[in-house]
Amino acid sequence: MTAETSQTLDRGLRVLKLLADTDHGLTVTELSGKLGVNRTVVYRLLATLEQHALVRRDLGGRARVGLGVLRLGRQVHPLVREAALPALRSLAEDIGATAHLTLVDGTEALAVAVVEPTWTDYHVAYRAGFRHPLERGAAGKAILAARHSPNPDPGYTLTHGELEAGASGAAAPLLGVTGVEGSVGVVMLTDAVPERVGHRVMEAAREVADALR
């Protein structure tokens with residue numbers, strides 16, 4: 001800690017991070033041990049966070065992340081979209097296909113940014129806000145590949161006709177971005193995606209990841 005930082009705020013943020021990393025919640029005693037502070041301090045931190053709906057405690061006294069974090073999370077999408085747009089524009093123009101940034105939203109893939117090429121006679125219409133199951137489409141499957149693959153860089157994913165008849169997709173996951181799980185991809189009207197497109201999508205995903213770090 002330095003003179004310019006707040007110890008109380010730092011501890012509160014550490015509480016939220018600890019709770020976010022567990023599915024079953026933590027007791028005051030467990031938080032006290034992990035933070036290295038006494039139980040009274042933890043009680044005060046939890047009470048403050050509860051007032052803002054960032055933490056909730058169940059009947060057994062275990063603290064969990066509260067629904068208030070969802071309201072904060074909704075504001076992340078515009079920031080992520082703004083950071084990703086330059087790389088998406090470059091990708092769309094280079095490939096001549098609709099480029100998109102997709103993030104995980106529960107069990108679904110949510111397109112939060114879409115850029116269409118300016119020079120093509122036709123391309124796939126794809127809109128921000130479009131949702132689909134993670135198990136369908138290149139964008140979702142690329143995310144799942146990163147989630148489950150033992151390889152730290154699972155490369156790119158290709159699909160055909162899974163979300164729209166006649167359309168193929170290529171996507172690569174965002175890697176190394178704390179708190180953001182998503183992918184960058186393109187969708188194009190073709191039966192097969194050229195190999196160079198997959199590599200270009202991976203390059204764009206790296207550019208977006210760098211912009212978000």
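User: Helices H2 and H3 first. At what angle do their axes cross?
Analyst: In this predicted model, the axes of helix H2 (residues 28-35) and helix H3 (residues 39-51) cross at roughly 110°. They come within 9 Å. H2 and H3 are therefore roughly perpendicular to each other.

User: Which residues make that contact?
Analyst: From H2, Val28, Thr29, Leu31, Ser32 and Leu35. From H3, Arg39, Val42, Tyr43, Leu45 and Leu46.

User: And how do they split by class?
Analyst: There are 7 nonpolar, 2 polar and 1 charged residues in the contact of H2 with H3.

User: What about H1 on H3, what's the angle there?
Analyst: About 75°, with the axes of helix H1 (residues 7-20) and H3 10 Å apart. That makes H1 roughly perpendicular to H3.

User: Which side chains' residues meet there?
Analyst: Thr8, Arg11, Gly12, Val15 and Leu16 of H1 meet Val41, Leu45, Leu46 and Leu49 of H3. By class, the H1 contact with H3 holds 6 nonpolar, 2 polar and 1 charged residues.

User: Switching to the sheet. How many strands, and in what order?
Analyst: The open sheet has 6 strands, ordered E5-E4-E3-E8-E7-E6. Their pairing is antiparallel.

User: Which strands are at the edges?
Analyst: Strand E5 (131-133) and strand E6 (157-160). Each has a single partner strand, so one side of each lacks a neighbour in the sheet.

User: How far are neighbouring strands turned against each other?
Analyst: By 30° on average, ignoring direction.

User: How many bridges join E3 to E8?
Analyst: 6 bridges, linking strand E3 (residues 98-105) with strand E8 (residues 182-188). The two run antiparallel. Alanine 99 sits opposite valine 186 in E8.

User: Where does H5 touch the sheet?
Analyst: H5 packs on the sheet at E3, strand E4 (108-115) and E8. The direction of H5 makes about 65° with that of E4.

User: And H7, which strands does that touch?
Analyst: H7 touches E3, E7 and E8 as it packs on the sheet. The direction of H7 makes about 145° with that of E8.

User: How do H5 and H7 sit against each other, parallel or antiparallel?
Analyst: The axes of helix H5 (residues 76-95) and helix H7 (residues 195-212) come within 9 Å and cross at roughly 160°. That makes H5 roughly antiparallel to H7.

User: Is the crossing left-handed or right-handed?
Analyst: The crossing of H5 and H7 is right-handed.

User: Which residues form that contact?
Analyst: H5 supplies Val80, Ala83, Ala84, Ala87, Ser90, Leu91, Asp94 and Ile95. H7 supplies Arg196, Val197, Arg200, Val201, Ala204, Glu207, Val208, Ala211 and Leu212. The contact of H5 with H7 divides into 12 nonpolar, 1 polar and 4 charged residues.

User: Last thing, confidence. What's the mean pLDDT?
Analyst: The mean for the protein chain is 92. Of its residues, 97% reach 70 or more.

User: Where is confidence lowest, and where highest?
Analyst: Lowest in helix H4 (residues 68-74), at a mean of 75. Highest in strand E7 (residues 168-173), at 98.

Terms used. Residues numbered from 1 in each chain as written. Predicted model: local features only at pLDDT ≥ 70, side-chain atom pairs only at ≥ 80, totals over all residues. Heavy atoms only, no water. pLDDT = per-residue confidence, 0-100. Helix = DSSP H or I, 4+ residues; strand = E, 2+ residues; numbered from the N terminus. Axes fitted to C-alpha atoms, helices over the stretch in contact; angles between N-to-C directions. Parallel < 35°, antiparallel > 145°, perpendicular 65-115°, else oblique. Left-handed = near helix turned anticlockwise from the far one by under 90°. Contact = heavy atoms within 4.5 Å. Nonpolar A, V, L, I, M, F, W, Y, C, P; charged D, E, K, R; others polar. Pairing = 2+ DSSP bridges.
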